[in-house]
Amino acid sequence: MEDKYLELLKRSNYEDLSQAEKEILKDLCTNQLEFDSARYLMIDIALMDKTMSEAPSKDIKSKLDSEFRQVHTNGEGGGWFRFLFPPLKPFVLRPGIQLAMLFVLFLGSYMMLEFIDFSQQTTSVQLAKEEHKASEDLKEVLLDSVINETPVIEKSLELDLSLMDANTKSTAEDGRLFSASNGNDQLKSNAASAQGSLVGSSLMSRDDLAFKEEPVLLGEVVLDFEELSEFDTDLKETQFLIPTVAESPDLLENLFVTF
Amino acid sequence: MRVFKPQYGKLPDEELLVLMAKGDQRAFDEVYSRYSQPLFGYFMKLLARDKEKCEDMVHDLFAKIIRKPDYFDVKRSFRTWVYSVASNMCKNEYKRMAVRKNVKNDIEPAEFIQSSSDTLKTVHEKSFSDSLYHELNKMDEKHKSVFVLRHFDGFSMKEIAEALEINEGTVKSRLFYATKSLAGTLKQFNPIYQ
């Protein structure tokens, strides 16, 4: 289609061309004379083209050959470089680029994992420190507030403080987040009850222990009750525990129904 | 990996270029045998038939291919690419010649003027080709390159457009202009006028 004008120029008579064909040639010729001139030019060029045999001298080839050898002999030293970055290959398909991308991928993932572990460690250590500091502050506050109370109350407070220590220790060891404010409230209420009466104080302690003796599960951490058993021995000394059935069998008297 | 040596004569230009970039001498020989003559002819037609200069141009062009094979865009056809490089080299040469002409007004491109004056004197004794080259050299470079690529190197309109980085409509209009101009100036070879 694009070379249709050459086909049309092979015709002998301009007037034989259709209107559409003349339209194609309108930029080239508009009458028989111009048509003939173009036609003979094409014929002469076609004839001339066949006889042409121009070629550069052989010196050019020999020069280029030596240049080629020089370039590629020098390239032998950088054989690995040529292997990794061969010319005429799309950028992403060059082995060197692919290896570099792989390295970056591995390095990136390694760094990312390292960063995550590090940050987690830092966070847990910081939390433990903060908890410890808060508990220390609370201890001080509590000691200040009860310093002038009776020995019974002091005893009760000692129990509470040791309880708090147990909680704090277990929390720090297991990496568990324990709310300092909760501990604070509990200790404050215990201190207040200790100030009220001896019975009230002892009952409060028993309530706390009853709560603590239940298995407390926060996250994946179970509280260690070995330390709490020490408080049981302390509590025996207060003589406010309910006697066991073995000690006083008369406790069972009213529990049996007779028919 | 190839077990057998490739048949270089049957390989496409682009594949030969890849082998050549790897240092395959035979691939280079094949590329040279395919393109040295047409490119030399192209330079001869565009550069006033100055043989030495045209040989230098061919040398420079192949040296570029040897030294910087990366310049070739593998997505393109090598044929159109190498002619586009040749065309740009001609443009640069025209600029250089124009500068030289301005500097040395008294000195004309001797060989060409000599041959053209001979042609003008003895128009019937000279061959059609001499007159054609003469007329081509008088022609504007942009029309000349389109005409040469189409009628001497056998490029299609699309290939010319790709090689010269212009659109096909422009190629067509330039080609018709060049044909009309040459047909007008070379009408003495038309049997009607003889």
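This is a predicted model: local features need pLDDT of at least 70, side-chain atom pairs count only at pLDDT 80 or more; totals for chains, interfaces and linings use all residues.
1. Residues are numbered from 1 along each chain as its sequence is written, with chains lettered from A and ligands numbered from 1 in the order in which they are written.

2. Chain A has 10 helices and two strands (DSSP runs, H or I of at least four residues for helices and E of at least two for strands, numbered from the N terminus). Their order from the N terminus is α-α-α-α-α-α-α-α-α-β-β-α.

3. Chain A and chain B touch through 30 residues of chain A and 43 of chain B (contact: C-beta atoms, placed from the backbone, within 7 Å). On the chain A side, helix H3 (32–51) and helix H4 (58–77) are the elements that give two or more residues. H3(A) supplies the largest share, 10 residues. By class, the chain A side holds 16 nonpolar, four polar and 10 charged residues (nonpolar: Ala, Val, Leu, Ile, Met, Phe, Trp, Tyr, Cys and Pro; charged: Asp, Glu, Lys and Arg; polar: the others, Gly among them).

4. In chain B, H1 (residues 13–21) packs on H2 (residues 25–46) at about 140 degrees, with the axes 8 Å apart. B:Asp13, B:Leu16, B:Leu17, B:Leu19 and B:Met20 of H1(B) meet B:Ala27, B:Phe28, B:Glu30 and B:Val31 of H2(B). This contact has seven nonpolar, no polar and two charged residues. Axes are lines fitted to C-alpha atoms, for helices over the stretch in contact, and angles run from 0 to 180 degrees between N-to-C directions.

Note on methods
Two residues are in contact if their C-beta atoms, placed from the backbone, lie within 7 Å.
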